[in-house]
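Here is a short report on a pair of chains.

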Amino acid sequence: MHIPDGFLSPLVALSLYVVSLTVVAYSGRRYFREGGDVHYLSVMAAGIFAAQMLNWPIPGGTSAHLVGGALAGILLGPFGGCLAMFMSLLVQCVLMGDGGITALGANAFNMAIVDVFAGYAIYRGVMRLTGRRFLAGFLAGWLAVAVAAVTCGVELGLSPQFGYPLGITVPVMGAWHLALGLVEGLATGLIVDHVRWAG
Amino acid sequence: MKMGMRVYWLILALVLVSPLFGVVGAGIVGYHEPLDLVAGMIGLGGGNQVWRGLLPDYTFPGVPDVVGYALSGLIGVAVLLIPSILRGRRK
């Protein structure tokens, strides 16, 4: 889901830079004001970074990896999760050139904001209804990554240089990640069910 | 709340096995990131890349790709753990 340079129109890229940096800065303030711990933040960011290095093959010559936004949001809360995901994306972009530097705002919007906050909301909602951690984590990981992919599809579809209209980018990205997201959901559910070190 | 050392070992293990997925498997099966494939299809190649990174595509100068992938992963993890290390020292 890491958008490279050259895919987004300057307007889309710039707008999402402004939105993402604002939300990440606000999340950082809220996380630390509410007593958030630097250790958990660092370890979560490093864990997400390491997990995203595990690309597994998908038939057809392509690959997928865990995104981890919902997991970060559930374990650290949405503000800490947002900050941890952004830290990981920033290191990937600056050190490894993974995700375009002009698309960092969009990548942060999709993976550090939409995936995290949607995942957290889904988790809380399902927990309130069922009280089952695995189920809540599974649905959060699965559905939030699909929502983030749809957002990514909207951004690509709104960018003329990408060459495909919204009518193609949104269903393709959404359907693809709805299928791939089952693995994300399974991993999120299993981890959330076993890790109890944050709220 | 106390975080055990297990989580650090887990992260280290993830990075050390990652070349099996990111380099060896990719070489054998021939897979790429989905959006990289799309870039090739629509002619948006690496020429559009504004910033290639200090360790481009998880490589490290002068070492084989498998080692470079793990090494760049270790560097990334170390950078992300800096805030935690600094905070620990201040306590």
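## Model and interface

The model is predicted. Chain B puts 44 residues into the contact, and chain A puts in 39 residues. On the side of chain B that touches chain A, the elements giving two or more residues are α1 (6–30), α2 (34–41) and α3 (65–90) of chain B. That side of chain B is made up of 28 nonpolar, twelve polar and four charged residues.

## A proline at the contact

Helix α3 of chain B holds Pro83(B). Is Pro83(B) buried, exposed or partly exposed? Pro83(B) has 15 other C-beta atoms within 10 Å, so Pro83(B) is partly exposed. Burial would take 20 or more, and exposure 12 or fewer. Neighbours within four places in sequence aside, Pro83(B) is in contact with Val38(A), Leu41(A) and Ser42(A).

## The largest nonpolar core

The largest nonpolar core has 90 residues. Those that touch the most other members are Met44(A), Cys82(A), Ala84(A), Met85(A), Phe86(A), Ala112(A) and Ala148(A). Helix α6 (residues 133–157) of chain A gives the largest share of this core, 15 residues.

Phe86(A) touches Val24(A), Ala108(A) and Ala112(A), with residues up to four places away in sequence not counted.

## α1 against α4 in chain A

Two packed helices are described by the angle between their axes and the distance between the axes. In chain A, helix α1 (residues 10–33) and helix α4 (residues 78–96) pack at an angle of about 125 degrees. Their axes are 8 Å apart.

Which residues of α1(A) and α4(A) meet? From α1(A) come Val23(A), Val24(A), Ser27(A), Gly28(A), Arg30(A) and Tyr31(A). From α4(A) come Phe79(A), Gly80(A), Cys82(A), Leu83(A) and Phe86(A). By class, the contact has seven nonpolar, three polar and one charged residues.

## A covered helix

Helix α3 (residues 69–76) of chain A is mostly covered, with eight of its eight residues buried. These are Gly69(A), Ala70(A), Leu71(A), Ala72(A), Gly73(A), Ile74(A), Leu75(A) and Leu76(A). The cover over the buried residues of α3(A) includes α2 (38–52), α4, α5 (104–130), α6 and α7 (166–194) of chain A.

Just after α3(A) comes Gly77(A), with a positive phi of about 85 degrees.

Conventions:
Residues are numbered from 1 along each chain as its sequence is written. Chains are lettered from A and ligands numbered from 1 in the order in which they are written. This is a predicted model: local features need pLDDT of at least 70, side-chain atom pairs count only at pLDDT 80 or more; totals for chains, interfaces and linings use all residues. Two residues are in contact if their C-beta atoms, placed from the backbone, lie within 7 Å. Helices (H or I, at least four residues) and strands (E, at least two) are DSSP runs, numbered from the N terminus. Ala, Val, Leu, Ile, Met, Phe, Trp, Tyr, Cys and Pro count as nonpolar, Asp, Glu, Lys and Arg as charged, and the others, Gly among them, as polar. A nonpolar core is a set of buried Ala, Val, Leu, Ile, Met, Phe, Trp, Tyr and Cys residues joined through C-beta atoms within 7 Å. Axes are lines fitted to C-alpha atoms, for helices over the stretch in contact, and angles run from 0 to 180 degrees between N-to-C directions.
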